[in-house]
Amino acid sequence: MKRKLVIAAVATSVVIGGGAAVALADDGPRSGGTKVQAAGADTGAGTGAGAAQVTAAEAVTAALQHTPGTAVSADREDDGRDAWEVDVVKSNGTEYTVKVSPTDGHILSAHRDAADDDARHDLTILKNTTVNAREAAQSIAPKGTVTEVDLDDDGPAVWNVETTGGEWKVDAHTGKITQDRDHDKDHGDDHGRGHGDDDDRDDD
């Protein structure tokens, strides 16, 4: 009798947890309804109803549980359909975009991207590295809320991590953290040029 009750409970949990909408290519994973425990979910942490609680690191974890591979980026989309968008490259070079709910970690969708040489290039860059996207996000989290993690594919293996307090670089080999001064300088230059333009207009 106890065994029947356990089976029934498991079946019920599968029905409840399988509500995520998933669209996958034929060779993609078949599991659905992946969910992670969002930070502060049990304590009511957040700024109110519907407050985002899933961190970048948690979003990467959920995406990889659903679509195994190598995460090469995680970006918080806020274009009307709020979600974490995680790009995952499989060992054969195919790339999937997995969208993760920012409030409970459920998989909202997953689809295979068009063939792109960049995906294989990313795998080559990350070969023999020790710091992955999730760990890069975790290491920068104390400096501000992480909103984006992206592999710099133009040079050495470096993670570019954007936060609410600035931008940082994490060496994928050593884990060394440096602030992205170039980004701050670019903003400063833009600001300076703006003032110069105003002065020119005043002279006219």
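1. Buried here means under 20% relative accessible area, with a 1.4 Å probe and protein chains only. By that cut-off, the buried residues of α2 are Ala56, Ala57, Glu58, Ala59, Val60, Ala62, Ala63 and His66. The model is predicted.

2. Helix α2 spans 56-66. Eight of its eleven residues are buried, so α2 is largely enclosed by the rest of the structure. The cover over these buried residues includes the strands β1, β2 (83-89), β3 (95-100), β4 (107-112) and β5, together with helix α4.

3. The largest pocket holds about 250 Å³ of space. Its lining has 15 residues, and those nearest the centre are Val54, Thr55, Ala56, Thr145 and Val146. Ala56 is also among the buried residues of α2.

4. Which elements each supply at least two residues of that lining? They are α2, α4 (133-140) and β5 (146-152). By class, the lining of the largest pocket divides into eight nonpolar, six polar and one charged residues.

5. The second largest pocket has about 170 Å³ of space. Its lining consists of Val72, Ser73, Asp87, Glu95, Asp113, Ala114, Asp116, Asp118, Asp122, Asp150, Leu151 and Asp153. Eight of these lining residues are charged, three are nonpolar and one is polar.

6. For the second largest pocket, β1 (70-77), α3 (117-126) and β5 each supply at least two lining residues. Strand β5 likewise supplies at least two residues to the lining of the largest pocket, and β5 is also part of what covers the buried residues of α2.

Note on methods
Residues numbered from 1 in each chain as written. Predicted model: local features only at pLDDT ≥ 70, side-chain atom pairs only at ≥ 80, totals over all residues. Heavy atoms only, no water. 1 Å grid on protein atoms, 1.4 Å probe; cavity = no way out; pocket = protein on both sides within 12 Å on 5 of 7 lines; lining within 4 Å. Points joined across faces, edges and corners; volume = space filled by probe spheres on them. Helix = DSSP H or I, 4+ residues; strand = E, 2+ residues; numbered from the N terminus. Nonpolar A, V, L, I, M, F, W, Y, C, P; charged D, E, K, R; others polar. Buried < 20%, exposed > 50% of the residue type's maximum accessible area, 1.4 Å probe, protein only. Contact = heavy atoms within 4.5 Å.
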